[in-house]
Amino acid sequence: MHYYSLQHTAPRVDFRTATIQGQAPDGGLYFPESIPQLPASILNNLAGLSREALAYEVIRPFVGDTIPEDELRRIVAETIDFPIPLKQVYDGVYSLELFHGPTLAFKDIGARFMSRCLGYFARDEKQPITVLVATSGDTGGAVASGFHNVEGVRVVILYPSGKVSSVQEKQLTTFGDNIHALEVDGNFDDCQQLVKRAFKDAELTSQLFLTSANSINVARWLPQQFYYFFALQQWKEKQPPVFSVPSGNFGNICAGMMAWKAGLPVRHFIAACNANDVVPRFLETGDYEPRKAIPTISNAMDVGDPSNFVRILELFGKDRDQLKTMLSSYRTSDQRTRELIRSMYQQHAYLPDPHGAVGFDALADWIGQHPGQKGIVLETAHPIKFLDVVEPVIGQPVPVPASIEETLTKTKNATQIEVDYSKMKDYLVNSNPF
Ligand SMILES: *Cc1c(COP(=O)(O)O)cnc(C)c1O
């Protein structure tokens, strides 16, 4: 399998190079040159396969011969080493709970898969690899947890001081070992600017083997197909499901559409958005107009120019009418999100997080217009991660899951820096990498 750049001016590469580079040298996203069809023997027998065997079959063609079979089976098994249950919430509406991983959000799957692939590729590199990443919250924790103790790789995470939640800060700063946190006296954009400058700094990149772990990396994007296959393994209804996916950068939903193209039975996809509604507008009007992100209570979806949307367009030959046969998109306000959290808790004894609530709202709208259809919301985070939103809405404390209690007792370990490129560069070059 080879990958081409969606800017079309960089050479084709294999999975290994696409993973190590992240983005193509011409600035484009990598895209697989074909979408392998899964054989009927697998598609007709999803529930008969183990999760590990199914996930392996799904990802194998995308990895090609860059990772041998036994290694890839190990990587897949470690990636999905926690439950991903499908629960019925009310008649015809189900929740696929993607928050049972170590950092309680769905980004764990992509981060765990990518870190293990990169760890495998690092074995053949003479130099250790430095993963440099800026985070506004969730990505950093998933990356830190995924890469902890991966040999040959060190991780440097930049986060804005005072602007991530207390749970998120603990998840970023308490691993130690090969994980280093830089607490930047600025905002998320400052962190991102510092990281971008580092990648453009020829002097630095000649000294260090730098790579990023952001969500456009094929090794983070592609394993997200697993969710949709695992959902269908547990699906007992006779008709194919509608998937409602809380969307920000559109990586998750695009992976779902890849799974459908590979043969998975899906009725329709819904991109559930908050006030950041570039895609709903595009589907309505045909004009794609990126905007500045608007802050909301479902903040992991506060994206004004979703980077993976070009991949979705590519899947449909850039034809909006074709796309609309498979994709709809809705927007939900913060007020409506809060109402949804309250009503789902009161009427169905199910507590969604703010992102999931946006997904349930969109699915209810769709089913209202298409009576009889049944669907699945991808519940992308545990409500404990958004305590400050959820608790006042339901007027009760949210129980702390046992898996996070230990993290909360650990001591934060971060290096404070100002928004000063030369100081960050100095840190990268001179700090002990391992
Ligand atoms: C990242 C994230 C999203 C958005 O996912 P995309 O793949 O960027 O569309 C939704 N919910 C939560 C909780 C997230 O962390």
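Guide: Before we start, one definition: helices here are DSSP runs of H or I with at least four residues, numbered from the N terminus. Also keep in mind that what you have on screen is a predicted model.

Visitor: Fine. Let's begin with charges. How many salt bridges does a search of the whole structure find?

Guide: The general idea is that side chains of opposite charge can pair when their charged atoms come close. In this model, the search of the whole structure turns up 22 salt bridges.

Visitor: Where do Glu 69 and Arg 73 lie?

Guide: An α-helix has 3.6 residues a turn, so residues three or four places apart point the same way. Both Glu 69 and Arg 73 belong to helix α4 (residues 69–79), and they sit 4 residues apart, about one turn of the helix. Glu 69 has 43% relative accessibility and counts as partly exposed. Arg 73 is partly exposed too, at 34%.

Visitor: And which residue does Glu 71 form a salt bridge with?

Guide: Glu 71 pairs with Arg 123, and the closest N and O atoms are 3.2 Å apart. That pair links distant parts of the chain: Glu 71 is in helix α4, while Arg 123 is in the loop between α5 (107–122) and β5 (129–134), 52 residues apart. Glu 71 counts as buried because its relative accessible area, 16%, is below the 20% cut-off. Arg 123, at 51%, is exposed.

Visitor: Which residues are linked with Glu 71 and Arg 123 in a network of salt bridges?

Guide: Arg 74, Glu 78 and Arg 116 join Glu 71 and Arg 123 in that network. For another pair elsewhere, look at Asp 277 and Arg 281, with closest N and O atoms 3.1 Å apart. There, Asp 277 is buried at 7% relative accessible area, whereas Arg 281 is partly exposed at 33%.

Visitor: On to the strands. How do I read the two sides of β6?

Guide: In a regular strand the side chains alternate between the two faces of the sheet. In β6, Val 153, Val 155, Ile 157 and Tyr 159 point one way, and Arg 154, Val 156, Leu 158 and Pro 160 point the other way. All of them are buried. With 8 of the 8 residues of β6 (residues 153–160) buried, the strand is largely enclosed by the rest of the structure.

Visitor: What is the order of the strands in the sheet?

Guide: The order is β8-β5-β6-β7-β13, an open sheet of 5 strands with parallel pairing. β8 (209–211) and β13 (415–417) stand at the edges with a single partner strand each, so one side of each has no neighbour in the sheet. On average, neighbouring strands of this sheet are turned by 25° against each other, direction ignored.

Visitor: Which residue other than glycine has a positive phi?

Guide: Leu 104 is one, at about 65°. It lies in the loop between β4 (93–97) and α5 and is buried at 3% relative accessibility. Phe 250 is another, with phi near 65°. Its place is in the loop between β9 (242–246) and α12 (251–261), and at 4% relative accessibility Phe 250 is buried.

Terms used
Residues numbered from 1 in each chain as written. Predicted model: local features only at pLDDT ≥ 70, side-chain atom pairs only at ≥ 80, totals over all residues. Heavy atoms only, no water. Salt bridge = Lys/Arg side-chain N within 4 Å of Asp/Glu carboxyl O. Buried < 20%, exposed > 50% of the residue type's maximum accessible area, 1.4 Å probe, protein only. Pairing = 2+ DSSP bridges. Axes fitted to C-alpha atoms, helices over the stretch in contact; angles between N-to-C directions.
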